[in-house]
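Work through these exercises with the model open beside you. Try each task before reading its solution.

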Amino acid sequence: MQFSDIIGQEEVKQHLVQTVLENRVSHAQLFLGPEGSGSLALALAYAQFISCLEPGPADSCGHCSSCRKYSKLIHPDLHFSYPFFAKKAEDTALKYLSEWREAFLSNPYLNLNEWRNQLDAENKQANINIAECHQIIHKLSLKPFESEYKVMIMWLPEHLEKEGNSLLKIIEEPAQKTLFLLVAQNQDQILQTIISRTQLVKIPRLKDRDVSELLMYKKGVSETKASQIAYLSEGNLQAALTFLQSDENDNFQLFSAWMRMTYADQGGTILEFVDKAAKLGRENQKNFLRFGINMIRESVLILSGASQLVHLSDAELNFITNFSRFMDLQKAEAISGELEKAHYHVERNANPKILFLDVSLQLVKILKFNTLPAGTQYIQN
Ligand SMILES: [Zn+2]
């Protein structure tokens, strides 16, 4: 994780880099920022910068042996602690290290809920237990293996039990070249004794502009939609990604219903659909059609026997597998062509009612009456 991988937070990044350049890295720091602000990612980028063998003026190099290990979270001098579900008293966070790496690498902005889902949810009480505290003390008593610094990043120290006080001594008088970074969201829920022994790094919520830019450039969301989601998510990137997903779910509901009514040729419901689609607005119509084109592409994979390449949620996969039974490659190509054409016309301000009615009728022809529109590129089955 490099600073450049993290959106926004330019002032925090500058401050952190400055502490390294001025040689005043405090050995115990509390990164305090709201959910979805990127505080965990910032702590990791900071540790990577400090451990980098060829650092630039404002970021780690990203390619030295230390950076490469950091990018996979496998550096021997990088340790993590986080809440987990202890089944036995002697369980420590180490037991869930591979789940942790996977969860963080797939979403550095993850929240406790997402992490909980990654773990066995049977036992609901997630915390950082006494066995884990002893493990931390042990890990930090060892000399660094490869780096100058040994780093412990503790995510959500709010979940330390009162035995967390056993950590006070190493926070106050750490071994040489030890860096203890605590990443928290709620100051009121952290042991007061820990707060008083750490240096505070305050991380603000993300700016709406940063969130909307990420949605636009990394997730392909339209500008209008991106600023809408950014506004609703109040600087919480995790919330923004969840909004985005539920938005895709709406597309899925509408698209799967549409396909069902066209292959069953349900005239009345098609008119209802047309009304609904016409009211979506231009940007949403484009998103909806893009979503549909993608779904058809996935069904082509299934039809060509390459289901292992399909990337869909369970519900989507279920639908598209059933739907593929009404399809063949030529029909898929024809439907895709109709959706592409519709997308083109939406962009050029076509009347949405006429447009969606026309596409629906074309789809009925293709799916129900096996009539392929003129100009369809025929594929050899
Ligand atoms: Zn490096």
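Domain bounds, as used here, come from an automatic or database domain assignment. Keep in mind that this is a predicted model.

**Exercise 1. Domains**

Task: State which domains the assignment gives for the chain, and how far apart their C-alpha centres lie.

Solution: 
- Start with the bounds. The assignment gives domain 1 as 3-204 and domain 2 as 246-367.
- Then take the C-alpha centres. Those of domain 1 and domain 2 lie 45 Å apart.

**Exercise 2. Strand β3**

Task: Decide whether strand β3 is enclosed or open, and find which strands pair with β3.

Solution: 
- Locate the strand. β3 covers residues 150-155.
- Apply the cut-off: buried means under 20% relative accessible area.
- Count. In β3, 6 of the 6 residues are buried, so the strand is largely enclosed by the rest of the structure.
- Recall a rule. In a regular strand the side chains alternate between the two faces of the sheet.
- Sort the side chains. K150, M152 and M154 point one way from β3, while V151, I153 and W155 point the other way. Both sets are buried.
- β2 and β3 pair in the parallel sense over 4 bridges. Here L78 stands opposite V151 of β3.
- Now take strand β4 (residues 178-184). It runs parallel to β3, and 6 bridges join the two. L182 of β4 stands opposite M154.

**Exercise 3. Helix α14**

Task: Find which residues of helix α14 are buried, and where on the helix they fall.

Solution: 
- α14 spans residues 314-323, and E316, F319, I320 and F323 are buried in it.
- Look down the axis of α14. The buried residues fall within an arc of 90°, so they line one face of the helix.
- Recall the helix rule. An α-helix has 3.6 residues a turn, so residues three or four places apart point the same way.
- List the packing partners. The buried residues of α14 pack against α11, α13 (282-303), α15 (329-347) and α16 (352-369).

Technical notes
Residues are numbered from 1 along each chain as its sequence is written. This is a predicted model: local features need pLDDT of at least 70, side-chain atom pairs count only at pLDDT 80 or more; totals for chains, interfaces and linings use all residues. Side-chain values use heavy atoms; hydrogens and water are left out. Buried means under 20% relative accessible area, exposed over 50%, partly exposed in between (1.4 Å probe, protein chains only). Two strands pair if DSSP finds at least two bridges between them. The arc is that of the directions from the helix axis to the C-beta atoms. Contact means heavy atoms within 4.5 Å.
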